[in-house]
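Morning, everyone. I'll take a few minutes on one structure and how its chains meet. Please have the viewer open.

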2 protein chains.
Amino acid sequence: MTGGSTSSGRAGTEDDPAGAPGPSRRGFLRGGATFLGGALGGAAVTLGGTAAWGAAGTPSDAVQAPDQAGRATVAFRGPRQPGVGTTPQAFATLVALDLAPGTDREALVRLMRVWTDDAERLMAGRPGLADSEPELAAVPARLTVTVAYGPAVFAAAGLAARAPSWLRPLPPFGVDRLEEAWSGGDLLLQVCADDPVTVSHAVRVLVKQARTFARPRWLQRGFRNSPGTVAPGTTWRNPMGQVDGTGNIDPAAEPHLVWHQDDASGWLAGGTSVVVRRIAMDLDGWDEVDRAGRENTIGRRLSDGAPLTGDHEHDEPDLAAKGPHGFGVIDAAAHLRRSRTGDPGERFLRRPYGYDDGPGDTGLLFVTYQADVDRQFLPVQRRLDELDLLNAWTTPVGSAVFAVPPGAGPGEYLGQALLAG
Amino acid sequence: MTGGSTSSGRAGTEDDPAGAPGPSRRGFLRGGATFLGGALGGAAVTLGGTAAWGAAGTPSDAVQAPDQAGRATVAFRGPRQPGVGTTPQAFATLVALDLAPGTDREALVRLMRVWTDDAERLMAGRPGLADSEPELAAVPARLTVTVAYGPAVFAAAGLAARAPSWLRPLPPFGVDRLEEAWSGGDLLLQVCADDPVTVSHAVRVLVKQARTFARPRWLQRGFRNSPGTVAPGTTWRNPMGQVDGTGNIDPAAEPHLVWHQDDASGWLAGGTSVVVRRIAMDLDGWDEVDRAGRENTIGRRLSDGAPLTGDHEHDEPDLAAKGPHGFGVIDAAAHLRRSRTGDPGERFLRRPYGYDDGPGDTGLLFVTYQADVDRQFLPVQRRLDELDLLNAWTTPVGSAVFAVPPGAGPGEYLGQALLAG
């Protein structure tokens, strides 16, 4: 378990996203309880029948009863925010907001209290406090709400000295063609769920509640495969058709790469950083590359994502292997080779989504989490900027960095360790 | 069964979207075959395990094996096109294209042959003929491709005399605030599936293949709940939170309302018409309306969609019922009352999706099918334009009308009865 880790009486956890079914819920199971191992992010999920299911907080006469993938919840409360270690849901909307002039620490505390309350409610499948469409909250579908801070939050709160040293825009890279419209932001809301209706509704509730304090600066929507459409445990394919994420880190096995274990100023323990890069893909140009060229660009086979030196997706690439002419089997400039350094600390958690905003406007929402942007993300990004065959078809058009405060424990609001400090 | 009705050896049908699993496929089922009644649009679906599944056309070593909701297919070949009577999938992208100058009947036939071939392949979970990302085709997820013609197709083919009399822009309505960017078009591609990756990939393949002949004019993306998140048979809720679609027609029970049974010119038998209206919702204004006001606006309860005169969603509304003060229980200007006429022929099949293109840009892709636009759609639209409480919060910003040619039988291409005539 790597994200929100405690569970209230009714919310599920990441290891048991459907929650612990009680006798009354089990009573609705049709034809006996059936378990679909790993159907949702490696977790055991109780498979319900078609009978209406009276979830707490759902009007008992509601016609829109959530089905099994709809009822799954992720715990909100815990030492770490959800939506980071959580197995990626099918849909993600990222909204950057800018603070209204005059928003001070007191106002930020009020906003955090509101967002904390609404995030907890919505993630449990209950309406937000001032939810004008409460019925749309009845399908949590593993909803997670993750809140993060840009530099302006620290300035507005009079706490600039407590901002992490890495909290600033990434330095410019040669490959960048950044657009203001997709860059920066004072606050980040990351809203993910396995149902797009759930994401849309939660974003609206949260953005509305913030109105007095902050206005949307940009909004980016990403998607992966719908729940139940791809075999559990399958590595996602991005819009270029590549198996994407094979070499990702496991935040449960290497938590120090993601989470601040401790922090000089104290407040960031259990927090992390998020980098959001919008990377446009030139799919028309990519079309002109044959399969051998595509595989050489990445260093992996298209069919199954295996490294060109291996047989299976998760085989360790042999970067020293040479072909018959003495060149590396994995090209010297292949993405796989260039994205790795010899330093095991220069790794981070990737949680990307595809975007498709119409013909010619397709790409990747490249979202990464790391304990320290400067130590982990930047060295890799510098290497890729310097040399990466993939750069011919990918262009970063947006970039933003945020600090992710720790999770809210019982009775706490998000960011309390910072804002009340 | 109301859409594509025949099945090739490997494609499923609407009543059995997973196809008929043969012994080899069954061999992969883990823990015995489990049936999830009605999980996908009222059909029995075979629930597979996590083992890799070697679909025809899928590389056997592909890591991205489709899971149960992913393998379901809808038959392409048949007297009627799929995607009309098909139980709505979770995602829809509608693309209107304009013909390139000089596109004549011969060019249209070539385009139809290409689209027919690719639609059949993609709907079966196989790559398009010139598919540059074949792995992205491996998850059909009930993909349907539906092709329709604007007036320009008939003109370009020298067949203007054979265009249906109703094939023209809708007359202007008082409520309209139409934008050119969302209106009109020479050709329509409607691509629907339960997986957004599948829709995105199919749209790209089909639009690319049409490049020589036509260019996108507008593209609209809509969504409903993801597969498996909402109990089967549940009526969808639109972004205003209303149960939307309760009084819809059943095209299997009343096929004459949807399909041309016969046609003076012959070619449209088995075809229909599609009206695409983009209806913006003023959700901020709607927020100011309390629940009683909202229920009065529609004439139905928000909680379960029951008419204000009834107890259950599907109870027949009593339009004559009076309240204690002598007014109708269902308001004289309620949407439910105004959208009904006394004429049973003035009904049509609605297949709407929600859209959410960011804060303040949310609404409905109102897609309807009817045998005759003038006879069925227009009288209702005129009534609603004249008086409908809902008009205060909804504004049509796009409008287009297309003729949907019949389905392609074995060996035929789409539109053959017209273009080869």
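How many salt bridges does a search of the whole structure find over all chains? The search gives 45. By salt bridge I mean a side-chain nitrogen of Lys or Arg within 4 Å of a carboxyl oxygen of Asp or Glu. Side chains of opposite charge can pair when their charged atoms come close.

Some ground rules. This is a predicted model, where local features need pLDDT of at least 70, side-chain atom pairs count only at pLDDT 80 or more, and totals for chains, interfaces and linings use all residues. Residues are numbered from 1 along each chain as its sequence is written, chains are lettered from A and ligands numbered from 1 in the order in which they are written, and side-chain values use heavy atoms, with hydrogens and water left out.

Next, the interface. In contact (heavy atoms within 4.5 Å) are 68 residues of chain B and 69 residues of chain A. Together the chains bury about 5,500 Å², 52% of it on carbon and sulfur atoms. That is accessible area, with a 1.4 Å probe, lost on putting the two parts together and summed over both.

Across this interface the rule finds 14 salt bridges. One joins B:Arg221 to A:Asp357, at 3.6 Å from N to O. Another pairs B:Asp287 with A:Lys208, whose closest N and O atoms are 2.8 Å apart. That pair runs from helix 6 of chain B to helix 5 (residues 196-209) of chain A. Helices here are DSSP runs of H or I, at least four residues, and strands are runs of E, at least two, numbered from the N terminus.

Helix 5 of chain B gives the largest share, five residues.
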